[in-house]
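When several chains are modelled together, a reader may want to know where they touch and what kinds of residues are found there. Please look at the sequence and the structure below before reading on.

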Amino acid sequence: MIWAVAAALWVSLASGVYLCLSRDVFRVALGLAVVGAGVNLALLASGRLGSVQPAVVPKGQPFLELASNPLPQALVLTAIVIGFALVCFSLALVLGLIRDAGTDDALELRAAEPVPGNDIKPPATDPAHEPEWPPEGRA
Amino acid sequence: MNSRIVILAVVARPLYLVILLASLWVLLRGHNEPGGGFIGGLMAVSATILWGVAHGTTAARARLPLGDAVWPAVIGLLLAAISGVPGLLDGEAYLTHRAWTLAFVSVELKLSTVLLFDIGVYLAVWGALAGYALALLAVDEQEQEGGPA
Amino acid sequence: MSALATAPAIVPLAAAALVTAVRSRPRLQQALAMAASVALLGCALALLAQVAAGETVVVAFGGWPSPMAIEFVVDRTAAALVLITALMGVAAVLFLASDADVGDRHPLLLPLLFGVLAGAGGAFVTGDLFNLYVWFEVMLICALGLLAIGARVDQLDASFKYLALNLLGTLLLLFAVAAVYGVTGHLNFTALAGAAPAVAPGLWLAVLTLLMVAFLVKAGAFPVYAWLPASYHTLPAPVLALIAGLLTKVGIYALLRTLGDVFSPAPAVLYEVLGWVAAATMLFGVLGAAYHWDMRRILAFHIISQVGYILLGIALASVAGYAATLFYTLHHIVVKANLFLIAAIIWRLTGSYDLRRIGGLYVTRPWMTLLLLIPALSLVGIPPLSGFWAKLLLLQEAIGQGRVVWTVVALVVSVLTLYSMMKIWMEAFWKRHPDAEWQPPADTQLAPAWAVTVGLAGVTVWISLYPQALLVYVQAAAATLGGR
């Protein structure tokens, strides 16, 4: 069992990192989700995987031997919920970014970091990407 | 103009109610069995998404408690925070939970601060995730109607 | 009262919910936010008063027995950092009432701001490794929301870069938490401290390395700091000041709490590596700052450089080193936030953040020079300002341990810091405005901004002129670290 989990962990981490290295921002977001799934597996494996018996037993009944530890299961549930929220956010963000910037190529996304046109001096930011001055309604 | 599927729009009406009732059942079942606020909240979100696909995101948003996604989230968060206070008043640690059993004529009603916490989680999950989902659906709607607004 | 220990997380969370509820009424929202941040400051002061007397405030949620429960533990270190968090909250909320680069007032700006405060407060007081991860995530989600909320293309671009690298950092942290739990079977800090010596040394080194790398990503250390200068400069000023002051410091605090306290003494090689990482962080941060001409970018790179100094104190692995780290962190948060806020005032008065497009402030606002020079020279470490005492403590200990290279790097970096602070002064204040027709704006609303910056400068001056009080406090705090 533990070897199957280890193999799954390896596959999800490797494929997730591979996707993250892509220039396509949508693939990066997906890759992060896959890496997150792999890490959740690791968290789950940190409590034993030995048994499928329930960890919580009714009062009076004997303690189950080789039952898996319920704490990592609770932890992994928390991590899944948080990861879910982050995946939601990253998808919404990537969608908006691709729509507004008109490209999904990470190398062309230079709105926050303009490309220097000069070897020595840093580029001046495009005024369209700066806060509006003077602030609305003021001279 | 309206490209929505008629069958889905008709079926959505009873299904919405059924899914919400099922989510409430899951919420209350969480007292002693698998279930609870988070999973119930997720089911409620699926009902909202169904309505959003069938009748549009504006209609789905209006169907949420108090007519917006933020309100359930806020109320849920406050409920969950308040549920820890009774333990505090008794001089114990925050979030020490209390349970009472109320006996009516033939029915026993089990009440606890954990239930309050769970209802809070239910509302918070419903509000927050429905907000996300509807925002994503709205992007899709805009594109179908010809580019960003 | 032990319930007070929950305040650093619960008060901002409740505040976030409340200001969301009144989001359609901006004035009421601002007033409530101000009240809530002052309440947080009050709670932080009460906590400080309690721990300064030598008491450690512990609350175990749900009343579970010790190693099982999620605990909040407030010792001197945590209380001081909570106080500075609350102070930053008040400063940011007050500054939002001005019109110096505060962005459009989005109804969810203040809730997210309180979310960041809750994340930082929770991370500072928690006594549980997994809970620490959860607070990091709370901070990450709220900071991402704040980055993306303006919805300009450059802000979305910046949020994506922030998201990609920080999410990888949090996943590393989660992996490390899983590994720690797997080898020790504990998450509670006290229990972990007890279980750590029993683990096989090779395995333990691997686990702690993973944990250290995760926290270094969060702290913005060399070579994993790329997310910081790529994103910070797109934020509106008060949010930027809060995030720039706090977020990297939470990573540093987590490193101090783990390597310096819970898992102390960790394998010596980790402290050695950390020291070289710290030296490289100082140097590369300040070189980035020397290159740039946009005030926000200059200051963002200086965060990295200063993070190097703070990490150096942890790498020295001694009580004096930890005390220096703590002193440096407290002084630095105030100074750095103040510099960002002053840059925003300069933007309001001159029309740009780019030093090439502005100038002539010395003619119109001579007194503002003083306001800039207090935090700027303190950042450099000119005596008798607070940065001097922080660097003195740090370098005394580094020399005492015979770390000549690290000391030399730290001193050289100070000179380079002086260079870029002087660049801001020369370009924004001393030279003429490049546009000869330039008229300073008449209709500004800067009273809250002046109040905040002068107040923060006052804190810096207080630390500068009377460092003894803070010094005694941080030494007492450092003495209890690692002594479980």
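Across the interface of chain A and chain B, zero residue pairs in polar contact are found when both residues are required to have a pLDDT of 80 or more, a threshold that applies here since this is a predicted model. On the side of chain A that touches chain B, seven residues are nonpolar, none is polar and one is charged. The search for salt bridges across the interface of chain A and chain B likewise gives zero. The contact itself is made by eight residues from chain A together with nine residues from chain B, and the area buried between these two chains is about 760 Å², with carbon and sulfur atoms giving 83% of that area.

| Interface | Residues in contact | Buried area | Share on carbon and sulfur atoms |
|---|---|---|---|
| Chain C and chain A | 56 from chain C, 54 from chain A | about 4,500 Å² | 69% |
| Chain A and chain B | eight from chain A, nine from chain B | about 760 Å² | 83% |

Which kinds of polar pairing occur across the interface of chain C and chain A? Two salt bridges are found there, and one of them joins the side chains of R296(C) and E130(A), with a distance from N to O of 2.9 Å. Nine residue pairs are in polar contact across this interface, with both residues at pLDDT 80 or more. On chain C, the helices that each supply at least two residues to the side touching chain A are α5 (129–148), α6 (153–184), α9 (227–231), α12 (295–315) and α13 (319–350). Of these, α6(C) gives the most, with 18 residues. By class, the side of chain C that touches chain A consists of 31 nonpolar, nine polar and 16 charged residues.

When the lining residues of the second largest pocket are sorted by class, 12 are nonpolar, nine are polar and 11 are charged.

How values were computed:
Residues numbered from 1 in each chain as written. Chains lettered and ligands numbered in written order. Predicted model: local features only at pLDDT ≥ 70, side-chain atom pairs only at ≥ 80, totals over all residues. Heavy atoms only, no water. Contact = heavy atoms within 4.5 Å. Buried area = accessible area lost by both parts, 1.4 Å probe. Salt bridge = Lys/Arg side-chain N within 4 Å of Asp/Glu carboxyl O. Polar contact = N/O pair within 3.5 Å; in protein donor to acceptor, adjacent residues only side chain to side chain. Helix = DSSP H or I, 4+ residues; strand = E, 2+ residues; numbered from the N terminus. Nonpolar A, V, L, I, M, F, W, Y, C, P; charged D, E, K, R; others polar.
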